[in-house]
Amino acid sequence: MAMDELTGSGSADEAIQRRDGNLIARGDEAGLVTRISGHMAAIMQELNLDLEDPNFQGTPERIARMYLELFHGLFEGSEPTVTTFPNEEGYHHMVIEREIPFYSMCAHHFIPFYGHAHVAYIPAGTIVGLSKLARIVEFYARRPQLQERLTEQVASFLWTKLAPMGVMVVIEARHLCVEMRGVKKPGALTTTSALRGCFSDRKVREEFLALIGRKTGW
Ligand SMILES: [Zn+2]
């Protein structure tokens, strides 16, 4: 792996931020629900489902509204405001938020994947409120997603906004597209990680993995 990939080159992080900046404008939620409902009803008709069946009545609209909720991170204004504070105590050790639960939707199959994120950073000049780490995971999870991309996006966001000495994100998740279809492997766990800055140092990485209770040696 090139050093650039390990430390996160500026241009790669800029590309991630730029790609994720194309958000849906607010104000036409009702129109969106109507249009998505129409498409959903068309899919159900293709499946020969009786839309007059009491259990299907309202389903297209329910799904449309659910998409707006599950894909909340695609809308303008949903990016968390990250209030940072000066690192007055001069704390330069690891800050870890572990076992942050999340639910997302697989970009390839539009069914859920879900699990936990462990986020760590080592502050330089600024620190961030701990609850924000979970909010950042939530923001990026609320869209059709790849676990790999989610992991990179959270790391990139913190790296860009906090300019810390280092960031590392580990995500462990179960994918229903692996469990319910295809290879059908219930319980399989997919682990991804992304790191920036001083986490390219093996000792730093191992401290993090030990603190989240995972085997060292990555
Ligand atoms: Zn999938």
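Cys106 is partly exposed, with 18 other C-beta atoms within 10 Å; in this report a residue counts as buried if 20 or more other C-beta atoms lie within 10 Å of its own, exposed if 12 or fewer, and partly exposed in between, with C-beta atoms placed from the backbone. The model is a predicted one, in which local features need pLDDT of at least 70 and side-chain atom pairs count only at pLDDT 80 or more, whereas totals for chains, interfaces and linings use all residues. Residues are numbered from 1 along each chain as its sequence is written.

Cys106 has its place in strand 2, where helices (H or I, at least four residues) and strands (E, at least two) are DSSP runs numbered from the N terminus. Leaving aside residues up to four places away in sequence, Cys106 touches Ile111, Phe113, His175 and Cys177, a contact being a pair of residues whose C-beta atoms, placed from the backbone, lie within 7 Å. Cys106 and Ala141 are 35 residues apart in sequence, and their C-alpha atoms are 9.8 Å apart in space.

**The sheet**

Strands of a sheet pair through backbone hydrogen bonds, either parallel or antiparallel. Here 5 strands form an open sheet in the order 5-2-3-6-7, with mixed pairing. Strand 5 and strand 7 (190–197) stand at the edges, each with a single partner strand, so one side of each is left without a neighbour in the sheet. Two strands are said to pair if DSSP finds at least two bridges between them, and the table sets out three of these pairings with one bridge from each.

| Strands | Sense | Bridges | A bridged pair |
|---|---|---|---|
| Strand 2 and strand 3 | antiparallel | 9 bridges | Phe102 and Gly115 |
| Strand 3 and strand 6 | antiparallel | 10 bridges | Ile122 and Gly166 |
| Strand 2 and strand 5 | parallel | 2 bridges | Cys106 and Gln145 |

**Positive phi in two loops**

Most residues other than glycine have a negative phi. Asn48, however, has a phi near 65 degrees, a positive value in a residue other than glycine. Asn48 lies in the loop between helix 3 (29–46) and helix 4 (59–70), and this residue is exposed, with 6 other C-beta atoms within 10 Å. Ala163 likewise has a positive phi, of about 45 degrees, although it is not a glycine. Ala163 belongs to the loop between helix 6 (147–162) and strand 6 (166–175), and is partly exposed, with 13 other C-beta atoms within 10 Å.

**Helix 5**

Helix 5 (residues 130–141) has 12 residues and reaches 18 Å from its first C-alpha to its last, close to the 16 Å expected at 1.5 Å a residue; the expected span is 1.5 Å times one less than the number of residues. In helix 5 the buried residues are Lys132, Leu133, Ile136, Val137, Tyr140 and Ala141. An α-helix has 3.6 residues a turn, so residues three or four places apart point the same way. The buried residues of helix 5 pack against several elements, among them strand 4 (126–128) and helix 6.

**Domains and the whole chain**

The protein chain is divided into domain 1 (3–19 + 83–211) and domain 2 (29–74), with bounds that come from an automatic or database domain assignment. The C-alpha centres of domain 1 and domain 2 lie 32 Å apart, and 7 residues of domain 1 are in contact with 5 residues of domain 2. On the side of domain 1 that touches domain 2, helix 5 contributes the largest share, 3 residues.

Taken as a whole, the protein chain has 8 helices and 7 strands, and its C-alpha trace spans about 65 × 40 × 30 Å along its principal axes. Of the 218 residues in the protein chain, 27% are buried. Among contacts in the protein chain between residues at least 6 apart in sequence, 71% join residues at least 24 apart.

Technical notes: Two residues are in contact if their C-beta atoms, placed from the backbone, lie within 7 Å.
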